[in-house]
Amino acid sequence: MDTSPATLPALPEDEVQRVLCIVAHPDDMEYGASAAVAAWTEAGIEVSYLLLTRGEAGMVENPATIGPLREKEQRRACEIVGVTELRYLDHPDGMLEGTLSLRRDIARVIRQIRPDLVLTANFEVEAYGGLNQADHRVAGLAAVDACRDAANPWVFRELAEQEGLAAWRTRSLAIAGHPAPTHARPVEARHVQAAVDSLNAHEAYLAHVEGHPLPEEFIPEVLRGGGEASGTDHAVVLRVFDL
Ligand SMILES: [Zn+2]
């Protein structure tokens with residue numbers, strides 16, 4: 001992470017009433033970003049999650065049993081950080097494709113929820129200290145494109161004509177887990193703990209990942225790094241774009 005100089009400004013939130021988080025899988029929000037979500041919901045901001053897949057291909061067991069299990073764990077993770085609106089698009093886990101139909105499905109939800117801020121996760125080829133996962137690369141880019149699609153009345157016209165969904169311009173887009181953040185969302189110790197608990201809610205999933213670091217150890221460390229970059233104790237760092 002580029003953490004110099006240690007002066008990342010706080011994310012401006014005065015006009016943010018609704019946030020929509022768009023990620024590929026159950027658990028993608030729980031690697032630090034959910035600390036910001038806990039802070040937002042506590043401040044009265046409505047936060048919704050849109051997961052593009054159900055994460056059914058993420059474990060060795062049969063997807064038919066894993067899908068519902070991961071859904072249950074995600075529901076619990078959401079409850080811990082105050083998120084009540086959890087939606088899935090049911091695109092295939094592990095085989096997410098950057099198609100127009102994916103963009104249309106995301107744009108539809110953006111027009112329904114009308115967020116002020118969309119948050120997605122790093123979609124670079126290299127990310128998180130290694131090579132990024134295929135669905136992550138597709139999901140982030142599709143989220144970016146769908147923000148523009150949702151704002152353009154001439155793109156996916158059927159959303160307006162058949163479903164009555166007017167164009168909606170999201171003001172800002174934030175990318176979590178990006179190596180060159182522009183802003184920070186400072187969080188308190190209780191939000192750090194909520195983030196740890198939200199990842200621990202993915203109990204069956206974590207049990208299956210061999211050598212997975214302990215959430216109570218690495219999440220506070222990641223958020224402390226964000227704090228150092230922004231002159232606070234803990235923060236979620238984000239690369240933010242005005243749309
Ligand atoms: Zn993922």
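Which residue forms a salt bridge with Asp27, and how far apart are the closest N and O atoms?

**View 1. The salt bridge between Arg70 and Asp27 in the predicted model.** Arg70 is the partner of Asp27, and the closest N and O atoms of this salt bridge are 2.7 Å apart. Because Arg70 belongs to helix H2 (residues 63-80) whereas Asp27 sits in the loop between S1 and helix H1 (33-42), the pair ties together parts of the chain that are 43 residues apart in sequence. Both Arg70 and Asp27 are buried.

**View 2. The salt bridge between Arg171 and Glu15.** The side chains of Arg171 and Glu15 meet at an N to O distance of 3.9 Å, and the pair links distant parts of the chain, 156 residues apart. Arg171 is found in the loop between helix H5 (157-161) and strand S7 (172-176), while Glu15 is found in the segment before strand S1 (18-23). Arg171 is partly exposed, with a relative accessible area of 30%, whereas Glu15, with a relative accessible area of 56%, is exposed.

**View 3. The salt bridge between Glu85 and Arg87.** The side chains of Glu85 and Arg87 form a salt bridge with an N to O distance of 2.5 Å. Glu85 has a relative accessibility of 29% and counts as partly exposed; Arg87, at 25% relative accessibility, also counts as partly exposed.

**View 4. A network of Glu15, Asp116 and Arg171.** Salt bridges that share partners join Glu15, Asp116 and Arg171 into one network. The structure as a whole holds 14 salt bridges, including the one in which the side chains of Arg171 and Glu15 meet.

How values were computed. Residues numbered from 1 in each chain as written. Predicted model: local features only at pLDDT ≥ 70, side-chain atom pairs only at ≥ 80, totals over all residues. Heavy atoms only, no water. Salt bridge = Lys/Arg side-chain N within 4 Å of Asp/Glu carboxyl O. Helix = DSSP H or I, 4+ residues; strand = E, 2+ residues; numbered from the N terminus. Buried < 20%, exposed > 50% of the residue type's maximum accessible area, 1.4 Å probe, protein only.
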